[in-house]
Amino acid sequence: MPKQLSAVEVEMLRLLQNDASLSTNALAERLNLSQSPCWRRLNHLEQAGYIRKRVALLDRRALGMEVVAFATVSLATEGYRDIGAFEKSIAEHPEVVECYTMTGIWDYVLKIVTRDIRHYEAFARNTLLTNPYIHELHSHIAVTEVKNSTELPLSTQL
């Protein structure tokens with residue numbers, strides 16, 4: 001169970017997940033702290049693993065990546081024997097931006113981003129369907145993006 005975070009730490013995380021480019025000085029200003037205590041708290045949050053890394057969020061459409069697909073995967077018998085090998089094989093493909101094990105009838109769900117439907121079809125046929133660990137694959141193409149956020153729902157009750 002994570003350590004209880006202070007209200008200031010929660011607000012610091014909230015500010016950073018909205019804009020990771022904030023300088024320590026700007027962060028301190030928004031939190032009504034001096035720069036040194038702000039830096040110490042930030043350093044503590046990073047060292048404790050609350051902040052994994054700071055990144056730039058890219059606009060997939062601006063980069064010409066129009067298709068978001070969700071592929072549900074059922075493993076073959078061989079896949080169950082070597083789950084680690086299946087997961088490693090999936091992690092090697094940059095098109096797969098997220099992969100989750102699932103409860104229910106599917107073993108995994110993959111979030112896949114590609115340039116267009118032809119690229120997705122080629123990826124599914126030439127990569128996923130040739131994967132010896134995959135028994136069954138179902139594709140679900142996203143039509144309209146209603147919400148897409150990387151921000152976690154933080155509260156002061158953490």
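Which residue just after α3 takes a positive phi? I looked this up in a predicted model. Just after α3 comes Gly 49, with a positive phi of about 90°.

**Entry: the helix itself.** I then went back to α3, which runs over residues 35-47 and has 13 residues. From the first C-alpha to the last I get 18 Å, close to the 18 Å expected at 1.5 Å a residue.

**Entry: its two sides.** I checked burial along α3 and found Cys 38, Leu 42 and Leu 45 buried. These residues lie on the same side of α3, because they cover an arc of only 60° around the axis.

Entry: I asked what covers the buried residues of α3. The cover includes α1 (7-18) and α2 (24-31).

**Entry: α1 against α3.** I took the packing of this pair next: the angle is about 75°, and the axes are 11 Å apart. Angles of 65 to 115 degrees count as roughly perpendicular, so α1 is roughly perpendicular to α3. From α1, I listed Val 8, Glu 9, Met 12, Leu 13 and Leu 16 in the contact. From α3, I listed Cys 38, Arg 41, Leu 42, His 44 and Leu 45. Sorting the residues of this contact, I have seven nonpolar, one polar and two charged. Cys 38, Leu 42 and Leu 45, noted above as buried, are among the contact residues of α3.

Notes. Residues numbered from 1 in each chain as written. Predicted model: local features only at pLDDT ≥ 70, side-chain atom pairs only at ≥ 80, totals over all residues. Heavy atoms only, no water. Helix = DSSP H or I, 4+ residues; strand = E, 2+ residues; numbered from the N terminus. Expected span 1.5 Å × (residues − 1). Buried < 20%, exposed > 50% of the residue type's maximum accessible area, 1.4 Å probe, protein only. Arc of directions from axis to C-beta. Contact = heavy atoms within 4.5 Å. Axes fitted to C-alpha atoms, helices over the stretch in contact; angles between N-to-C directions. Parallel < 35°, antiparallel > 145°, perpendicular 65-115°, else oblique. Nonpolar A, V, L, I, M, F, W, Y, C, P; charged D, E, K, R; others polar.
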